[in-house]
Amino acid sequence: MKLLHIDSSVLGPHSVSRQLSAAIVDRLRQAAPGIEVTYRDLTSTPLAHLTGPYLAAAPDAALEPALQQDLAAGQAVMDEFLAADIVVLGAPMYNFTIPSQLKAWIDRIVVAGKTFKYGAAGAEGLAGNKRVIIAISRGGFYGAGTPAAVGEHLETYLRWVFGFIGVTNLELISADGVQVGPEHREKALAGALHAVTNLRAA
């Protein structure tokens, strides 16, 4: 069994989402010691954002070295994702949505013919055989009924984009209000870490 572990926070050891994603991976490793883990840190090795030449590149064309490297990076990301049985994703909220580093990764895996296709009934996801667990951290409170609920474009976006490629049963573990104050940060983190212990085995 293969697990792909992705982190996208720029905060390093101070990141709540990184602590949670690491705890999730540890939990799954304890449950399945033989699991094979691939780790990608999207801030230490960032992907380029999509460009016109990238999208227009023909498979057998003579390309500039920089574009060749970009295409190779995109293929590596796709190969990692397609090979994974489980994906664990650390996703902090930045300015009401996902980090741009994470968006660049998503743009490399949402590809027609690879993770979705169009048919007579519209789009059909092709990656529904994966288990996806997302560790979310948010500085404030964005739940239903809160004044800021309309500004929540992290969880809603991730549910939609993974659903689009066929992953409809996301498992989310969330620490909310981590910027409200030190006491609430610790409480939110402790609650989320406790939820990690209740995850089903790999």
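Helices (H or I, at least four residues) and strands (E, at least two) are DSSP runs, numbered from the N terminus. The model shown is predicted: local features need pLDDT of at least 70, side-chain atom pairs count only at pLDDT 80 or more, and totals for chains, interfaces and linings use all residues. Residues are numbered from 1 along each chain as its sequence is written, and side-chain values use heavy atoms, with hydrogens and water left out.

View 1. Five strands, paired in parallel, form an open sheet in the order E2-E1-E3-E6-E7; two strands pair if DSSP finds at least two bridges between them. Strands E2 and E7 (171-176) stand at the edges with a single partner strand each, so one side of each is left without a neighbour in the sheet. On average, neighbouring strands of this sheet are turned by 15° against each other, direction ignored; the axes are lines fitted to C-alpha atoms, for helices over the stretch in contact, and angles run from 0 to 180 degrees between N-to-C directions. In a regular strand, side chains alternate between the two faces of the sheet.

**View 2. The pairing of E1 with E2.** Strand E1 (residues 2-7) runs parallel to strand E2 (residues 36-41), and six bridges join them. Asp 7 has Asp 41 in E2 opposite to it. Together, E1, H1 and E2 make a right-handed β-α-β unit; a crossover is right-handed if, with the strands pointing away from the viewer, the path from the first strand over the helix to the second runs clockwise.

**View 3. Strand E7 and helix H6.** E6 and E7 run parallel and are joined by six bridges. Within E7, Glu 171 is the bridge partner of Ile 133. Ala 195 belongs to helix H6 (residues 182-197). From C-alpha to C-alpha, Ala 195 and Ile 173 are 6.8 Å apart in space, while 22 residues apart in sequence. Ala 195 counts as partly exposed, at 31% relative accessibility; buried means under 20% relative accessible area, exposed over 50%, and partly exposed in between (1.4 Å probe, protein chains only).

**View 4. The largest pocket.** This pocket holds about 410 Å³ of space. On a 1 Å grid over the protein atoms alone, a cavity is a set of points where a 1.4 Å probe fits but cannot get out, whereas a pocket is an open set with protein on both sides within 12 Å along at least five of seven lines; lining residues have an atom within 4 Å of a point. Grid points are joined across faces, edges and corners, and a volume is the space filled by probe spheres set on the points. Of the 17 lining residues, Tyr 54, Ala 57, Leu 71, Gln 75 and Val 111 lie nearest the centre. Helices H2 (52-56), H3 (65-83) and H4 (100-109) each supply at least two lining residues, and H3 gives the largest share, four residues.

**View 5. The second largest pocket.** About 200 Å³ of space lies in this pocket. Its lining has 19 residues, of which Met 93, Ser 137, Gly 139, Val 178 and Gln 179 lie nearest the centre. Helix H1 (16-31) and strand E6 (131-138) each contribute at least two residues to the lining.

**View 6. The loop between E3 and H4.** Asn 95 lies in the loop between strand E3 (86-92) and H4. Although not a glycine, Asn 95 has a positive phi of about 50°; Asn 95 is exposed, with a relative accessible area of 72%. Phe 96 is found in the loop between E3 and H4 and, although not a glycine, has a positive phi of about 80°. Phe 96 is partly exposed at 44% relative accessibility.
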